[in-house]
Each structure stands twice: as structure tokens, then as C-alpha cells.
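Thanks for coming. I'll take a few minutes to walk through one model, residue by residue where that helps.

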Amino acid sequence: MDHGIFPAGAQKGRICQADSSTQLHDFVPANAFDLVFTGYIPPLQDPLEFKLSNVDALWRKYAQICHPSNNRDQARKDQLQRLQEDWYAAWVSEMIRIA
């Protein structure tokens with residue numbers, strides 16, 4: 001059933017669960033796997049660390065930033081985008097490192 005899907009020399013049966021968001025705690029050695037995959041990678045919930053306890057207020061704050069009306073909000077929007085991109089890049093880099 002899986003013939004031709006896996007790279008040459010790959011073996012089924014080795015499964016290791018780790019959380020790449022906590023790379024220092026769940027360290028997986030480089031080249032540990034022949035095949036690496038992930039499911040949905042959720043975006044950061046509060047990348048600018050406003051730490052508002054009210055979720056609705058937090059979403060309103062981010063909505064304001066995503067529709068900038070001044071240079072300060074535009075700078076925050078740019079920073080927000082970079083933080084999200086860095087988060088996704090960290091996941092991909094970790095997957096490449098362990099494969």
C-alpha cells in the first residue's frame with residue numbers, strides 16, 4: 001500500500017512524539033527520522049504579548065492593528081507579521097533538522 005511513497009531506505013515503525021514549540025525540553029536528535037510531517041500549525045495567539053485577560057478585548061486590539069490608521073499601528077502590524085512568519089519558520093526548520 002505504501003510502496004513508492006517513502007524515500008528509499010525508510011522504515012516504518014519508528015514513531016516519536018515531540019513538541020517543536022518547546023525545543024529545549026523535547027529535544028529530538030538531528031537526522032532522527034526518514035519522514036517528518038505535521039498537522040495544522042496554529043498561529044500565535046498573542047504574539048505582541050499584550051496579555052489581556054479578556055479575549056474579546058485582545059481580538060479587538062489585533063483587529064485595530066491589522067487595519068492600521070497610523071504609523072504606530074503599521075509598525076505593529078509589520079512586527080506582528082514578522083513574528084508569525086518566524087513562528088512558522090521555526091516549525092519548518094525543526095522538521096528539516098530532524099529529518
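Leu52 is partly exposed, with a relative accessible area of 39%. This is a predicted model, so please take every value here as computed from it. Leu52 sits in the segment before α1. Setting aside neighbours within four places in sequence, Leu52 has contacts with Asp46, Ala57, Leu58 and Lys61.

Glu49, in the segment before α1, has a positive phi of about 55° although it is not a glycine. Lys51 is also placed in the segment before α1, and its phi is near 55°, again positive in a residue other than glycine.

Now the core. Which residues make up the largest nonpolar core? There are 5 residues in all: Leu48, Leu58, Tyr62, Ile65 and Leu80. α1 gives the most to this core, with 3 residues. As background, in soluble globular proteins nonpolar side chains tend to be buried together. Take Leu48 as one member of the core. Beyond its neighbours within four places in sequence, Leu48 is in contact with Tyr62, Ile65, Arg76, Gln79, Leu80 and Leu83.

Next, α2. The helix has 28 residues and reaches 41 Å from its first C-alpha to its last, close to the 40 Å expected at 1.5 Å a residue. Which residues of α2 are buried? They are Asp73, Arg76, Leu80, Gln84, Trp91, Glu94, Met95 and Ile98. An α-helix has 3.6 residues a turn, so residues three or four places apart point the same way. What covers the buried residues of α2 includes α1.

Towards the other end of the list is Ala30, which is found in the segment before α1. Ala30 and Ile96 are 66 residues apart along the chain, and their C-alpha atoms are separated by 8.7 Å. Leaving out neighbours within four places in sequence, Ala30 is in contact with Arg97 and Ile98. Ile98 is one of the buried residues of α2. Ala30 itself counts as partly exposed, at 43% relative accessibility.

Last, a pocket. The second largest pocket has a volume of about 190 Å³. Its lining is made up of Pro43, Leu44, Gln45, Pro47, Trp59, Tyr62, Cys66, Lys77, Leu80, Gln81 and Gln84. By type, the lining divides into 7 nonpolar residues, 3 polar and 1 charged. Which element supplies the largest share? α2 does, with 4 residues. Helices α1 (55-66) and α2 (71-98) each supply at least two residues of the lining.

Leu48, for its part, is in contact with both of them. That is where I'll stop.

Note on methods: Residues are numbered from 1 along each chain as its sequence is written. This is a predicted model: local features need pLDDT of at least 70, side-chain atom pairs count only at pLDDT 80 or more; totals for chains, interfaces and linings use all residues. Side-chain values use heavy atoms; hydrogens and water are left out. On a 1 Å grid over the protein atoms alone, a cavity is a set of points where a 1.4 Å probe fits but cannot get out, and a pocket is an open set with protein on both sides within 12 Å along at least five of seven lines; lining residues have an atom within 4 Å of a point. Grid points are joined across faces, edges and corners, and a volume is the space filled by probe spheres set on the points. Ala, Val, Leu, Ile, Met, Phe, Trp, Tyr, Cys and Pro count as nonpolar, Asp, Glu, Lys and Arg as charged, and the others, Gly among them, as polar. Buried means under 20% relative accessible area, exposed over 50%, partly exposed in between (1.4 Å probe, protein chains only). Contact means heavy atoms within 4.5 Å. A nonpolar core is a set of buried Ala, Val, Leu, Ile, Met, Phe, Trp, Tyr and Cys residues joined through side-chain atoms within 4.5 Å. The expected span of a helix is 1.5 Å times one less than its number of residues.
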